[in-house]
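Subject: Structure for your review, with notes

Dear colleague,

I am passing on the structure we spoke of, and I would be glad if you could look through it alongside the notes below.

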Amino acid sequence: MSETTATVQGKAAAIGPGRLVLVVGPSGAGKDTLLRLAQAACADDHDIVFPRRVVTRAASADEDNIAMSPDEFARAREHGDFAVHWDAHGHSYALPLEINDDIRAGRAVVVNVSRTAISALRQAYANVVVVAITAPPDLLARRLAARARNSDGSIADRLARNVDDMAAQADVTIFNAGSADDHSRQLVRVIRNEGWRE
């Protein structure tokens with residue numbers, strides 16, 4: 001496996017009262033698509049924040065991240081600029097430290113993270129909701145092939161990763177094999193805490 005456990009900066013006490021909504025799932029599950037649609041649906045709600053991740057990979061049409069070189073990332077990490085950081089698929093990822101201010105202000109912060117980050121984030125934040133987004137293996141393979149992003153490794157290796165523990169840690173699972181609009185509405189209900197436990 002090419003993922004390493006996440007490190008959370010300054011874990012003195014659980015940060016709240018806002019909610020941290022963690023979106024996890026295998027490559028090709030459609031996380032970024034559903035997040036883009038959910039962000040558009042929540043655009044007028046200033047109590048919902050969709051921070052951009054910092055990644056040691058260039059931004060693309062599929063992923064609107066803040067790109068940093070590995071050296072820039074290491075300097076920012078050492079400076080304490082990240083709320084959490086982790087490594088996956090040969091890249092480094094982080095969430096900006098500012099998310100802590102949003103959560104302390106009572107906002108919902110919605111982020112796409114590695115499943116390896118779940119445990120550390122549940123300890124560091126008072127109100128965490130984990131949303132697993134998944135799809136059938138053949139659909140995942142088609143989506144990964146269409147993406148053609150070779151920097152993340154081979155499609156076969158990425159499909160072979162075990163995601164059972166991701167689903168076990170999830171509070172909500174969205175099976176993203178149908179209408180993206182329908183599934184994004186499910187995600188928005190989770191983000192807004194509108195009866196998703198029912």
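What follows is an account of the overall make-up, the strands, the side-chain pairs and the confidence of the model.

Please keep in mind from the start that this is a predicted model. The mean pLDDT of the protein is 83, and 77% of the residues reach a score of at least 70. Confidence is highest in strand β3 (residues 48-49), where the value is 98, and lowest in helix α6 (residues 155-160), where the mean is 50. Over residues 162-166 the pLDDT stays under 50, and for this stretch the model has 8 contacts beyond four places in sequence.

As to the overall make-up, the secondary structure consists of 8 helices and 10 strands. The protein has 198 residues, of which 47% count as buried, and its accessible surface comes to about 9,600 Å², with 48% of that belonging to carbon and sulfur atoms.

Turning to the strands, 5 of them form an open sheet with parallel pairing, in the order β3-β8-β2-β9-β10. Strands β3 and β10 stand at the edges of this sheet with a single partner strand each, so one side of each has no neighbour in the sheet. Within the sheet, strand β2 (residues 19-24) pairs with strand β8 (residues 108-112) in the parallel sense, over 5 bridges, and V23 has N112 in β8 as its bridge partner.

N112 counts as buried because its relative accessibility is 8%, which falls under the 20% cut-off. Leaving aside residues up to four places away in sequence, N112 touches V23, K31, D32, L35, R53 and W86. The C-alpha atoms of N112 and V24 are 6.0 Å apart in space, although the two residues are 88 residues apart in sequence.

Strand β6 (residues 82-88) is mostly covered, with 6 of its 7 residues buried, and 6 bridges join β6 to strand β7 (residues 91-96) in an antiparallel arrangement. The two strands form a hairpin with 2 residues between them, and H89 in the turn has a positive phi of about 55 degrees. F82 has P96 in β7 as its bridge partner.

The model contains 2 aromatic pairs. In one of them, the rings of F73 and F82 have centres 4.8 Å apart and planes at 35 degrees, so this pair is tilted; both F73 and F82 are buried. W86 and Y93 form an aromatic pair that is stacked, with 5.7 Å from centre to centre and 5 degrees between the planes, and W86 and Y93 are likewise buried.

The count of salt bridges comes to 4, and I describe some of them here. D101 forms a salt bridge with R104, with the closest N and O atoms 3.8 Å apart. These two residues are separated by about one helical turn, because they lie 3 residues apart in helix α3 (residues 99-104), and R104 is partly exposed at a relative accessible area of 48%. The side chains of D102 and R107 also meet in a salt bridge, at 3.0 Å from N to O. In this pair D102 counts as buried at 16% relative accessibility, whereas R107 is partly exposed at 25%.

A further salt bridge joins D171 to R122, where the closest N and O atoms are 3.2 Å apart. This pair links distant parts of the chain, since D171 is in the loop between α7 (164-169) and β10 (172-175), R122 is in helix α4 (residues 118-124), and the two are 49 residues apart. D171 counts as partly exposed at 33% relative accessibility, and R122 is partly exposed as well, with a relative accessible area of 34%.

With best regards

Definitions and conventions: Residues are numbered from 1 along each chain as its sequence is written. This is a predicted model: local features need pLDDT of at least 70, side-chain atom pairs count only at pLDDT 80 or more; totals for chains, interfaces and linings use all residues. Side-chain values use heavy atoms; hydrogens and water are left out. Helices (H or I, at least four residues) and strands (E, at least two) are DSSP runs, numbered from the N terminus. Buried means under 20% relative accessible area, exposed over 50%, partly exposed in between (1.4 Å probe, protein chains only). Accessible areas come from the Shrake-Rupley method with a 1.4 Å probe; for residues, only the protein chains shown count as cover. Rings of Phe, Tyr and Trp (its six-membered ring) pair if their centres lie within 6.5 Å; planes under 30 degrees apart count as stacked, over 60 as edge-to-face and the rest as tilted. pLDDT is the predictor's confidence in each residue, from 0 to 100. Contact means heavy atoms within 4.5 Å. Two strands pair if DSSP finds at least two bridges between them.
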